[in-house]
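This report walks through the pockets of one protein and the helices and strands around them. The structure comes first, then the description.

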Amino acid sequence: MDIAHLHFLVAEADTAQRRTLVELLGQLGASQVTDVPDGHIAMQSLDPALGPAVHIAVVDLALPGMDGLELIRNLGTAGSPVRLVVTGAQPAGLLFSVETLAQAYGVDLLGTISKPVTAAKLKPLLDNYAPLPKHDARAEGPRFSFQEIGIGLQKRQFEPFFQPKIELATGQVKGLEAFARWRHPEHGVLGPTSFIDALVESGRVDFLDWSMIEMSVQQCRVFHDKGIPISISLNIAPETLGHPNFVRQITGCLSRHKVMPDYVTFEMSESSVLNTDPHFIERLVRLRMMGFGLAIDDYGTGRSNLQLLARIPFSELKIDRSFVDGASKRRPLGTVLRSCLGLAHSLDRMSVAVGVETRQDWDFLQDLGCTYAQGYHIANPMEAAAFPGWLEDWRHFF
């Protein structure tokens with residue numbers, strides 16, 4: 001990556017180390033480097049109103065005046081767009097916690113480096129740099145009222161898009177997760193940010209859930225008729241599953257489309273599944289007895305009661321993307337990921353890694369014995385009509 005056009009700031013108290021960092025950046029191709037000896041001057045240098053904008057700041061944690069942690073907090077409060085590389089004499093585990101802190105403050109951290117800093121450690125982090133996209137409100141998609149969404153549902157403008165779930169040991173496609181999309185007549189295909197909030201606020205997510213259930217099960221039948229005996233996974237709200245008529249309605253849906261319960265898995269977030277209400281637990285047990293799969297989604301983001309988790313009759317543990325992305329490069333993340341996979345294995349459940357973005361992620365998960373993988377490295381969610389062609393292409397690789 002060419003970094004000659006970027007403006008760097010080096011904030012390091014030790015004169016010799018500061019000079020070394022400036023020289024390293026020069027060797028890597030930087031031509032605009034400002035260096036400062038303490039945190040207060042660093043904060044002033046990062047203020048775009050006081051000088052030329054800094055693209056990347058290399059900051060030592062042990063700065064005098066305002067240390068690295070305080071600097072991160074202040075940058076987060078100010079909403080600074082600068083990208084940070086944090087250095088320190090601390091162990092890797094503690095530096096990883098600094099990454100978590102920066103993320104919590106909303107600061108864009110390219111990574112951390114344990115001292116001494118070398119070109120081999122610094123270059124991969126600089127390669128992660130990408131210019132900030134120009135903000136475009138249209139990119140976020142329009143928002144709609146509950147009434148407008150209701151009309152869209154009535155007109156069957158909503159449909160499921162499907163993302164493949166791959167068995168890591170064999171490379172075979174073992175399932176599809178359905179994602180709600182709105183094919184809007186004016187705005188094109190819209191994702192959940194345009195409609196989910198209004199449904200939640202109105203307490204009627206079940207309208208969308210049942211629309212997705214009906215169309216996904218129907219599409220499952222179509223795939224089966226084409227000689228593709230694929231399973232589907234559906235995200236549903238606990239309120240939908242908890243409705244007294246849920247079992248009767250889902251049984252009727254599967255009967256209409258001649259699909260066995262074994263081909264359908266319901267996904268619920270970790271926080272919603274860990275519910276001590278006996279009626280809810282009974283519903284989960286009944287669905288598993290009928291043959292449906294149950295997946296705990298976004299595992300690791302809630303506050304699990306492990307004893308209750310062990311008692312819930314789930315069949316899959318879906319590990320949140322925050323523990324998957326970069327786990328092969330970051331030891332603490334890898335440790336958490338191993339723990340999640342170990343939990344699934346010890347409970348005799350299948351594990352699904354979500355957010356597999358690179359071949360390196362894939363290989364790492366395969367070595368750890370993860371059951372399934374999903375993510376953009378494999379495929380984006382796609383419309384149903386595109387899946388048979390994608391599957392044929394995929395089979396050429398395995």
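**The largest pocket**

The model is predicted. Six elements each supply at least two residues of the lining of the largest pocket: helix 4 (92-105), strand 5 (108-114), helix 5 (119-127), helix 14 (321-324), helix 15 (331-346) and helix 16 (359-368). Strand 5 gives the most, with seven residues. The volume of this pocket is about 1200 Å³. Its lining counts 34 residues, and E99, D325, G326, R330 and L333 lie nearest the centre.

**The second largest pocket**

The second largest pocket holds about 510 Å³. Here P192, I196, D209, N235 and I236 lie nearest the centre, in a lining of 23 residues. At least two lining residues come from each of strand 7 (173-184), helix 8 (205-225), strand 9 (231-235), strand 10 (264-269) and strand 11 (293-299). Strand 7 gives the most, with five residues.

Helix 4 has 14 residues. From first C-alpha to last, helix 4 reaches 20 Å, close to the 20 Å expected at 1.5 Å a residue. Which residues of helix 4 are buried? They are L95, F96, V98, E99 and A102. These residues cover an arc of only 150° around the axis, so they sit on the same side of helix 4. One of them, E99, is also among the residues nearest the centre of the largest pocket. Just after helix 4, G106 takes a positive phi of about 80°.

**Helix 6**

Helix 6 covers residues 146-154, and I149, G150, G152 and L153 are buried in it. Seen down the axis, the buried residues fall within an arc of 160°, so they line one face of helix 6. Q147 and Q154 lie on the other side of helix 6 and are exposed.

Strand 10 and strand 11 pair in the parallel sense over five bridges. In this pairing, E267 stands opposite A295 of strand 11. Both strands also supply residues to the lining of the second largest pocket. Strand 11 is mostly covered, with six of its seven residues buried.

On from there, strand 11 pairs with strand 12 (residues 316-319), again in the parallel sense, over three bridges. Y299 has I319 of strand 12 as its bridge partner. Strand 12 in turn pairs with strand 13 (residues 350-353) in the parallel sense, over four bridges. K318 has V352 of strand 13 as its bridge partner.

Are the two faces of strand 12 covered or open? In a regular strand the side chains alternate between the two faces of the sheet. On one side of strand 12 are E316 and K318, and on the other are L317 and I319. These residues are all buried, and both faces of strand 12 are covered. Two of these buried residues, K318 and I319, also take part in bridges: K318 with V352 and I319 with Y299.

Technical notes: Residues are numbered from 1 along each chain as its sequence is written. This is a predicted model: local features need pLDDT of at least 70, side-chain atom pairs count only at pLDDT 80 or more; totals for chains, interfaces and linings use all residues. Side-chain values use heavy atoms; hydrogens and water are left out. On a 1 Å grid over the protein atoms alone, a cavity is a set of points where a 1.4 Å probe fits but cannot get out, and a pocket is an open set with protein on both sides within 12 Å along at least five of seven lines; lining residues have an atom within 4 Å of a point. Grid points are joined across faces, edges and corners, and a volume is the space filled by probe spheres set on the points. Buried means under 20% relative accessible area, exposed over 50%, partly exposed in between (1.4 Å probe, protein chains only). Two strands pair if DSSP finds at least two bridges between them. The expected span of a helix is 1.5 Å times one less than its number of residues. The arc is that of the directions from the helix axis to the C-beta atoms.
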